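Work through the following exercises with the structure in view, and try each task before reading its solution.

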Amino acid sequence: MKERKTSNKLSLIFLAFQNLMRRTFRTSALLIAIAIVSGAVFSTSTLMWGVNDSLKKGLSKFGADLLVVPKGSMISMKSALLSGEPSVFYMERDILRTIASLKGVKKISPQLFLTSIDGECCVIGNAFIIGFDPTSDFTVLPWIEEKIEGPFQISDAIIGGLNTQNVGDTIVFYGQTLRVYGKLGRTGVGLYDNAIFIDIEHAYSMAEKSYTIPNVAPLKLVRGHISAVLIQLEVGAKLPYISFTISKDPNVKVITAGNIITSVRQNLVALFSSTIVLSIVLIIANALMISAIFSTIINERRRELGLLRAIGARKSSIFRLILYEAALLTSIGGLSGVIVGIIIMRVYQRTIIFNLKALNMPYIWPSVTDIVMLALGAIAVSVLVGVAGTFYPALRGSKMHPYDAIRAGE
Amino acid sequence: MDSMLVIKDIWKIYDIGGEKLEALRSVNLEIEKGSFISIVGHSGSGKTTLLSVIGGLTEPTRGNVSIEGTDVWSLNDAGLSALRNEKIGFIFQFASLIPTLRVVDNVALPVIFHKDNHGDVYGRAEKILSALGLSKKLNSFPSELSGGQQRRVAIARAFINKPAIILADEPTGDLDAQSESEVMDFFSEINEKEQTTFLLVTHNMDLAGMTDRIYHMRDGALLD
């Protein structure tokens, strides 16, 4: 004979668990259905969170409140910023003086965008080279994660976190050898992760020397041209007013961090709209399915529920028993869905990031804390679906007349 | 002696498709504490309905039921549930066990609804089961038991909270003659030792003959 357990393990939760084990096929089928919903909710929210979070973190490192670019280049700029896609556009440097004179502007720094040509001698192909001014810069130098001792030299380069080179390596562009002075931390924002930052003066001279390299298309750039102006405002400065004032110049366009986030969010919602709709449909379908199945379960167990009432269960105990059963089922199903979701996202992480980047969406995996929160959220959604779906059948079950319930099937 | 059960002018009338069916007709009964009585009658005479009205399972159309001075049908759900749990032990016509629980858990089950009776529940359950000849079946599941054994488990469950009154509906229906005799001996022993009141309803005159007093029911009315 088996060893008898003497502890008082009997409780409504124990009873609910035993009830779930009664019909293993039905319970398993329900668990799978709930896991699908939970997995869909978790995966969608994790991906959306990752894009949103990496964008926020990246743009916070960006440090600029406003970005001024030549008119007609806003889309290219967003693409450059978000995916690191090499983009080339120029405007006159004179705009710097105008912007610097505006009240509320704290710092300004110009940047110059270049792209190298693939496959020619002495050139690393298709790199996004950005000339920056080390004397006024406030968006590159502060975010160096590792660097060589000593000050930044004119022949140095700072590389984004996704570049394969290491600090101390040398890289060659148009015959110019550059020392990798520092490497930025990964941000999820394409421009900072992929670009190679060099001194703007070096960029001008590189462009001039590119005309002397045989069989290589020169960098068509005029000294004095710049691609963008990064602006940091004083605390309390009125961003809309300054943006409006700069926009009066018909040759430029002003981009705010908010513009970029909104633009990415719109893309994000468009991309995930089908998944979001599918998740909502699955949630509703699951709630209805759970409701229907629990109605059946309660009908099957009418006599048992009547018996429980006869031996002292209150209406509220019956109600809780049924809800516990649903909550146990949906929390286990929800957890399973989250685990499967994590596995699938890990297995296909390269494909996911590649596809998101192709849509100009930066992505870094959420932190462990964020993933735990998202997982708990997905499980909570599953449990809420279960409880909502079971609420009416449970209420009906609890209100059953004990005598009628006991005599059910006679 | 103190009254355990007082029933005054109980009527139970069902409305079936506009037609009135009188299941109980002006039933009056008073039972002293520690009584061991039976109600006999043919099927459909109203025995089971009367038992469920006394036990707080079916509300009468009119009339009063009082157990140890408590007006049963004036209680709210919590009070009625507590009364059923603490004062009444039900034995139904069918075995009525929870199939996913072991025998000992089935017997201990009423305790989870009891406010302060979580002492040595399993020890008590084991003792009752042993008295009913089921000491070797404590960890078995209902599906592993015969019909008679299941019935004895259901009987054991009725005693776990030391009720003041046992309401038994055909309690020995599935039992062979020897088991029936053992169960009735067990009832008598509890009746004598604990002064537990027993109210049995049956159509088995031999069983009724083992009780101290027999009432008869016919067409919803209780006859002496």
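Predicted model: local features only at pLDDT ≥ 70, side-chain atom pairs only at ≥ 80, totals over all residues.

**Exercise 1.** Find which residues of helix α4 of chain B are buried, and work out how they are arranged around the helix axis.

*Solution.* Begin with the helix itself, residues 121-131, where the buried residues are Val121(B), Tyr122(B), Ala125(B), Glu126(B), Ile128(B) and Leu129(B). Next, look down the axis of α4(B): these buried residues fall within an arc of 165 degrees, so they line one face of the helix. Finally, ask what this face meets, and you will find that the buried residues pack against α3 (103-108) and α5 (147-158) of chain B.

**Exercise 2.** Describe helix α6 of chain B by its span, its buried residues and its exposed residues.

*Solution.* The helix covers residues 177-194 and reaches 25 Å from its first C-alpha to its last, which is close to the 26 Å expected at 1.5 Å a residue. Glu180(B), Val183(B), Met184(B), Phe187(B) and Ile190(B) are buried, and because they fall within an arc of 120 degrees when seen down the axis of α6(B), they line one face of the helix. On the other side, Gln178(B), Asp185(B), Glu189(B), Glu192(B) and Lys193(B) are exposed.

**Exercise 3.** Determine how many residues of chain B are in contact with chain A, and which element gives the largest share.

*Solution.* First, count the contacts: 30 residues of chain B are in contact with 25 residues of chain A. Then turn to the elements, where α2(B) provides the largest share of this side of chain B, with 6 residues.

Conventions. Residues numbered from 1 in each chain as written. Chains lettered and ligands numbered in written order. Buried ≥ 20, exposed ≤ 12 C-beta atoms within 10 Å, placed from the backbone. Helix = DSSP H or I, 4+ residues; strand = E, 2+ residues; numbered from the N terminus. Arc of directions from axis to C-beta. Contact = placed C-beta atoms within 7 Å. Expected span 1.5 Å × (residues − 1).
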